[in-house]
Amino acid sequence: MLDYYQSLKTCIAFGDYALEDMEQRIDRCWVEGRITTDQRDELRTLAAESARESAQVDVLAKLRELEGRIFELEHPTDAYVIWTQGYQTKKGEIVRYDVSGDGNLDLCQYNGGREYTALSIGKIEGWNMLDRMLNPTHTITRDADGGFVLTPIEAETEAE
C-alpha cells in the first residue's frame, strides 16, 4: 500500500517544486483522506521551509515578459517613426506617439482619405491606434481642448 505521507515528504526533501503546486498536492491528499490533518499541517510547513526560490516561477509574469520580448524582436523600436509636429504621414503608415497618455509610445496608423497628411494625429478622420498585432483597436480624434479621444472599435459579429 502506498504511503502518501512518506511519498510527499520525500518529494519535499528534494525542494525542486513550485510551492503552490506542492500545497495543492498535499491538500488533495488530505481531502481524499489519504493523510491526516496533522500530517497535512506538517507537510505544508515543511514544504514552505524547503522550497527553493529558483523553483518559484510566476508563469503568467514570465509569459508576459516573453511576449514583450518577442514583440520587440518582431517590431523593433526603430521600425516605426516617432511622430513629431509637421511630420508628413503617408496613408497606411504606422507611427509611434503617446496618444493614450500612459507615458508609453502607442502604435498609430493613418488610413484617411488623403495620400498623406501633415496634420496632427487625430486632427482629421482616419487615425487609429493599433495593438501589438497591428490590429486597429481605437479611432483617434481630438476634443475641443486638443486632447486625444480614443473610441474603441467594436468587433464585427457575424450574422447567425
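Strand E1 (residues 81-82) pairs with strand E3 (residues 94-97) in the parallel sense, over 2 bridges. Pairing requires at least two DSSP bridges between the strands. Strands (E, at least two residues) and helices (H or I, at least four) are DSSP runs, numbered from the N terminus. The model is predicted: local features need pLDDT of at least 70, side-chain atom pairs count only at pLDDT 80 or more, and totals for chains, interfaces and linings use all residues. Residues are numbered from 1 along each chain as its sequence is written, and side-chain values use heavy atoms, leaving out hydrogens and water.

Opposite Ile-82 stands Arg-96 in E3. E3 also joins strand E4 (residues 106-110) through 4 bridges, running antiparallel. There, Tyr-97 has Asp-106 of E4 as its bridge partner.

Now the helices. H2 has 13 residues and reaches 18 Å from its first C-alpha to its last. The expected span is 1.5 Å times one less than the number of residues. Met-22, Ile-26 and Cys-29 are the buried residues of H2 (buried is under 20% relative accessible area, exposed over 50%, partly exposed in between; 1.4 Å probe, protein chains only). They lie on the same side of H2 because they cover an arc of only 60° around the axis, taken from the directions from the helix axis to the C-beta atoms. On the other side of H2, Glu-20 and Val-31 are exposed. H1 and H3 are among what covers the buried residues of H2, by contact (heavy atoms within 4.5 Å). Just after H2, Gly-33 takes a positive phi of about 80°.
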